[in-house]
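Here are my notes on this one, as numbered points. Have the structure open while you read.

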Amino acid sequence: MAEFGYPRASRLLTPGDFKCVFDRASFKVSDPSLLILARTNELGHPRLGFVISKKNVRRAVKRSHIRRIIRESFRLRQHQLPSVDIIILARKGLDTLDSSQLRTLIERSWTRLERKSSNAQKDN
């Protein structure tokens, strides 16, 4: 049976983890209010990190709400995602989406990331 937790091993924790993805992102999934950067890893499972600045999402409550929704989506979808390190970057306007719009956006983004990753694997 698959594990659906969100342990520390599923998170990008150190500045070095983030730097590797920023410096050498293999995949980008762009949307007007969200950017996903991803880089393949050798761990056999995906990891997730967030960059949600005060400049783009003013209220701490809203930043936490966004993180919670994306984390939950990641937790349920992690077994279908490729082995990549993922950074979610919030853009201006992300805080104007309601919960259902945010869920739809992140599900669509996961699908696009899976497609880009599988296309890259076919090319290799």
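**Notes on the fold**

1. Start with helix H1, where Pro15 and Lys19 are exposed on the other side from the buried residues Asp17, Phe18 and Val21. Exposed means over 50% relative accessible area, buried under 20%, and partly exposed in between (1.4 Å probe, protein chains only). H1 covers residues 15-23; helices (H or I, at least four residues) and strands (E, at least two) are DSSP runs, numbered from the N terminus.

2. A word on the source: this is a predicted model, with local features needing pLDDT of at least 70 and side-chain atom pairs counting only at pLDDT 80 or more, while totals for chains, interfaces and linings use all residues. Residues are numbered from 1 along each chain as its sequence is written, and side-chain values use heavy atoms, leaving out hydrogens and water.

3. Back to H1: seen down its axis, the buried residues fall within an arc of 95°, so they line one face of the helix. That arc is taken from the directions from the helix axis to the C-beta atoms. These residues pack against strand S2 (34-40), S3 and S4, contact being heavy atoms within 4.5 Å.

4. The sheet is open, with four strands in the order S1-S2-S4-S3 and mixed pairing; strands pair if DSSP finds at least two bridges between them. S1 (27-31) and S3 (47-51) are the edge strands with a single partner strand each, so one side of each has no neighbour in the sheet.

5. S3 and S4 (residues 84-90) run parallel, joined by five bridges. Leu48 has Ile86 in S4 as its bridge partner.
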